[in-house]
Amino acid sequence: MTVLPITIWGEPVLHRRAPEVEVFDNELRTLIADMFETNEAANGVGLAAPQVGVGKRLFIYKYENDDGAPPSGAVVNPVLTLSKVSGALPDPDEDEEGCLSFPGGQYPLKRAEWVRVQGFDGDGNPVEFEATGWFARVIQHEYDHLDGKLYVNRLIDRYARKAMKQAKKSGWGVPGLTWMPGVDPDPFGH
């Protein structure tokens, strides 16, 4: 298994819809294994293929949960069904999110409290489970990457301005920027 570089906000693959996976083969299973290795090195709870520069509808997660879902898994070509997202303002203490492709930043964002996930594993077998609370947040966050969205694209104005100020100060927004988990300093201080 290989630790892969993580793309940073501005890399084109992060900002466009990833196409469906059509072939379930050893190349796909190797990508999934490498994504798990990369996620582990980055101290992440999830990672989508576009975050490692691959335009495929695939994400992995590693999150202990009380929903009866496996604590880690890969979901290929996922389809989500969500509960309604509250119209309340996000709580800075309870709703703060971060992203490995927007390293170091953490901003509050409201998410649906429940999600049903349907898709396939790396062998093409059906996968279906429900997620609640923070686990639901993780799933929605990774799924957004497959549609070319980062969580900062969903922030309310006040936090969106702060995020864009961070991006500008960091020199992001251009192609070719990555960071290497296990080599570069952990942007979240784990």
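**Close-up 1. E97 in strand β5 of the predicted model.** E97 lies in β5, which covers residues 96–99. Its relative accessibility is 4%, so E97 counts as buried, the cut-off being under 20%. The side chains of E97 and H141 are joined by a polar contact of 2.6 Å. Beyond neighbours within four places in sequence, E97 is in contact with G105, Q106, Y107, L109, R111, R137, H141 and Y151.

Close-up 2. H141, the polar partner of E97, is one of the buried residues of α2. Of its 14 residues, 12 are buried, so α2 is largely enclosed by the rest of the structure. The buried stretch includes F135, R137, H141, D144 and L146. These buried residues of α2 pack against β2, β3, β4, β5, β7 and β8. Helix length fits expectation: 14 residues at 1.5 Å a residue should span 20 Å, and the end C-alpha atoms of α2 are 21 Å apart. G148 follows α2 and has a positive phi, near 80 degrees.

**Close-up 3. The open antiparallel sheet.** Five strands are arranged in the order β2-β3-β4-β7-β8. β2 (46–48) and β8 (126–132) are the edge strands; each has a single partner, so one side of each lacks a neighbour in the sheet. From one strand to the next, the twist averages 40 degrees. Strands β3 (residues 58–62) and β4 (residues 72–82) run antiparallel and are joined by five bridges. I60 has A74 in β4 as its bridge partner.

**Close-up 4. W9 and the nonpolar cores.** The largest nonpolar core has 33 residues. W9, M35, L58, F102, Y107, V152 and L155 touch the most other members. Two or more residues of this core come from each of α1, β3, β4, β6 (102–108) and α3 (157–170). Leaving aside neighbours within four places in sequence, the contacts of W9 include L14, F102, L150, V152, M164, A167 and W172. In soluble globular proteins, nonpolar side chains tend to be buried together.

Conventions. Residues are numbered from 1 along each chain as its sequence is written. This is a predicted model: local features need pLDDT of at least 70, side-chain atom pairs count only at pLDDT 80 or more; totals for chains, interfaces and linings use all residues. Side-chain values use heavy atoms; hydrogens and water are left out. Two strands pair if DSSP finds at least two bridges between them. Helices (H or I, at least four residues) and strands (E, at least two) are DSSP runs, numbered from the N terminus. Axes are lines fitted to C-alpha atoms, for helices over the stretch in contact, and angles run from 0 to 180 degrees between N-to-C directions. A nonpolar core is a set of buried Ala, Val, Leu, Ile, Met, Phe, Trp, Tyr and Cys residues joined through side-chain atoms within 4.5 Å. Buried means under 20% relative accessible area, exposed over 50%, partly exposed in between (1.4 Å probe, protein chains only). Contact means heavy atoms within 4.5 Å. A polar contact is a pair of N or O atoms within 3.5 Å; within protein, one must be able to donate a hydrogen and the other to accept it, and residues adjacent in sequence count only if both atoms are side-chain atoms. The expected span of a helix is 1.5 Å times one less than its number of residues.
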